[in-house]
Amino acid sequence: MTATERPLSMAERQERLDAAYRFCAAVNAEHGKSYHLATRLLTPDRRPAVHALYAAARTADDLVDHPGADPEADLADWSRALLAELEAGWSDDPVRLATVHTYRRYRIPVEHLVDFLAAMTSDLTVTGYADMAALDRYMWGSASVIGLQVLPVLGTAPGVSQEEAAPHAIALGEAFQLTNFLRDVAEDADRGRVYLPADVMAAHGVTREQIEAKRYDARYRALMQEMVAIVRRRYDDAAPGTPMLAPESRDCVRAATALYGGILTEIERADHRVLDRRVTVSKPRRLGIFARRLASAQAARLRRR
């Protein structure tokens, strides 16, 4: 703050905070259509916080995937600013302001943010993973802690602690990210990264060069079939966690699971041809999933009142 600037009034601070959350919602709507649709099933008090966490993850990811002249410095500067502002309690950047407010409101451990930023930093230098264990270590920061960040926002059912629900939140975060990895194999390869375990690739005779050249064949199909089965098991691990959530949050998670799980179905329908195309869940299908969950979500809100 310069000598000529005056402190913001409470009304001005609230106005900026509201605008920051609206900005994050717009980021979510533009870049995560399925995820954003599912958040509409949340209660209005929870929804902005999920948008903020999404926007923060998206911003850091974009600094890596769509880099400027010095991505390492850009990500480091953004990370340092966010951590400092989290301690101070305020930011002039809309995404960071909403994230700071969300972390403080829901008492999300700062360690989750540190681990996430470390994973994003590793994307600047790490281009592949030897096996599933190595990929899981990366996903701790890039996906598992996302589930742990969102868990306090969603809340748990009476008598259920966050510690009990946490393993399932972790599994769902990993399932979502693995789904993205399978859908985005070609895009990630264009950025110089392969998020498929090298030992599983080798077992099917698929090389990194084949993926980079986008050559589809029976070996690649078999690889993807095995990976789809792995991801489905993560969804199975996550499923018992949904009844542990606050009742008014369950339909959002069920919708998001159906939407992301639908991507796996579309990959199978495309005969696992994701190297030369991007598979998506159609808009009518997305809206159908939303509509089926809407009545249940509304009923849960009424019971909450």
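A salt bridge is taken here as a side-chain nitrogen of Lys or Arg within 4 Å of a carboxyl oxygen of Asp or Glu. The model is predicted, so local features need pLDDT of at least 70 and side-chain atom pairs count only at pLDDT 80 or more, while totals for chains, interfaces and linings use all residues. Residues are numbered from 1 along each chain as its sequence is written, and side-chain values use heavy atoms, with hydrogens and water left out.

A search of the whole structure gives 23 salt bridges. One of them joins D184 to R183, at 2.9 Å from N to O. D184 counts as buried, at 11% relative accessibility, and R183 is likewise buried, at 15% (buried is under 20% relative accessible area, exposed over 50%, partly exposed in between, with a 1.4 Å probe and protein chains only). Salt bridges with shared partners also tie D65, D123, D188, R191 and R193 into one network.

A further salt bridge pairs D92 with R16, at 3.7 Å from N to O. This pair links distant parts of the chain, 76 residues apart: D92 lies in the loop between α4 (71–88) and α5 (94–105), and R16 in helix α1 (residues 10–31). Helices are DSSP runs of H or I of at least four residues, numbered from the N terminus. D92 is exposed, at 65% relative accessibility, whereas R16 is partly exposed, at 42%.

Within helix α4, R80 and D77 are three residues apart, which means a separation of about one helical turn. Their side chains meet in a salt bridge of 2.5 Å, N to O. R80 is exposed, at 53% relative accessibility, and D77 partly exposed, at 44%.

Conventions:
Helix = DSSP H or I, 4+ residues; strand = E, 2+ residues; numbered from the N terminus.
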